[in-house]
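Let's walk through this one together, question by question. Have a look at the chain before we start.

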Amino acid sequence: MGDCCRDAQPFRLCSGLRFLGYIMILLVFAIVAVSYYAVIVVAWGPQLLHGGLLSILAFVIVLLFHLLLVLLLWSYFMVVFHDPGAVPVGWQPASKGTYSALENSVILADHIAIDTRESEFSSTEGSGRRPSIRYCSHCQNNKPPRSHHCSVCQRCVLKMDHHCVWVVNCVGARNYKFFLLFLFYTFLETVLDSLALLPHFIKFFGDARNHSGSPGNLAVTFLSFVLNVAFALSLLCFVVMHTSLVLSNTTTIEVYEKKKAVEWKYDLGKRKNFEQVFGSNKLFWFFPLFSKNDLHDVPALHGLDFPTHSDIEV
Ligand SMILES: [Zn+2]
Ligand SMILES: [Zn+2]
């Protein structure tokens, strides 16, 4: 999605995507409202007062529903409002070992020449060759490793994963964890809703035949069940895909680049790869937050500097 606007009519397409994003926000809230009404107001809320085992089950469902709702909305607002990371004006890489200032200037000059012909996707990263400074001709600024130009946001985004219409924001170095938590909690919530509504969905056909139950409630239960099952199945694919990306320290954009590389230089091992996104403090893994220590100790969370496995071996 990040490269969406390299087509013939970039302006119209990008404006369209941004506009679509606002509709998506309304859609997210509409789905939450319909599910809330079906699961809590119609199906399980009234069971709380009936007593017995059913009340205990209703209490567990109502509690889990609200817990997941708080976590998913918190993660959602964090990914919508948190900047994925912009490239500082005039950014230059910190010199590392043999990567001297003189070499930098030569490589930069070479690379700008290439870049004017090949746009911003002329990186040699992952190919095992000497690193070069990448340059974005749109922003007229250097590009740190793993950053890409987003034509919807009209700027380069640090460790860009993709531009997400559901959150009207780019997903990058500084909000990728929030996006993953939103994905994960929404998946759990849709699974819970599907299971909680399943008995009512089966009963729906009986009620519809006997003309019992309010038609409005039956329609909301039916709609909510179908929506939740559909979202649960599609979110499962994304959860599996992003889990594999996180554990291999790859972004969605880098998948193709990684296939071409003999060895993926950012792969530090599963545990370290996970910590590059979630931080090393276990208490913070489940919340859209970072501890002070992680922000200090994990440079990847800032999006400008990324350790490679050769750094770890040294
Ligand atoms: Zn750019
Ligand atoms: Zn974007």
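A: Helices and strands here are DSSP runs, numbered from the N terminus: a helix is H or I over at least four residues, a strand is E over at least two. By that count, the protein has 9 helices and 6 strands. Keep in mind that this is a predicted model, where local features need pLDDT of at least 70 and side-chain atom pairs count only at pLDDT 80 or more, while totals for chains, interfaces and linings use all residues. Residues are numbered from 1 along each chain as its sequence is written, and chains are lettered from A and ligands numbered from 1 in the order in which they are written.

Q: What span should helix α2 have at 1.5 Å a residue?

A: The expected span is 1.5 Å times one less than the number of residues. For the 29 residues of α2 (residues 53-81) that gives 42 Å, and the end C-alpha atoms are 42 Å apart, so the two agree. Helix α5 (residues 215-247) has 33 residues and should span 48 Å; its ends are 47 Å apart, which agrees too.

Q: Which stretches does UniProt annotate as "transmembrane region"?

A: UniProt positions are given in the numbering used here, feature names are shortened, and annotations may be inferred rather than shown by experiment. The unreviewed entry lists 19-45, 51-74, 178-198 and 218-241. In the model, residues 178-198 are 100% helix, with end C-alpha atoms 30 Å apart. Residues 51-74 are 92% helix and 0% strand, with ends 33 Å apart.

Q: Which residues of α5 are buried?

A: Count the other C-beta atoms, placed from the backbone, within 10 Å of a residue's own: 20 or more is buried, 12 or fewer is exposed, and in between is partly exposed. In α5, the buried ones are Thr221, Ser224, Phe225, Asn228, Ala232 and Leu245. Lysine 265, in the loop between α6 (254-260) and α7, counts as buried because 21 other C-beta atoms lie within 10 Å.

Q: How many residues are in the largest nonpolar core?

A: A nonpolar core is a set of buried Ala, Val, Leu, Ile, Met, Phe, Trp, Tyr and Cys residues joined through C-beta atoms within 7 Å. The largest one here has 48 residues, and Phe179 and Phe182 have the most contacts inside it. Helix α4 gives the most to this core, with 14 residues.

Q: What does phenylalanine 179 touch?

A: Two residues are in contact if their C-beta atoms, placed from the backbone, lie within 7 Å. Leaving out residues up to four places away in sequence, phenylalanine 179 touches Val79, Cys164, Val167 and Val171.
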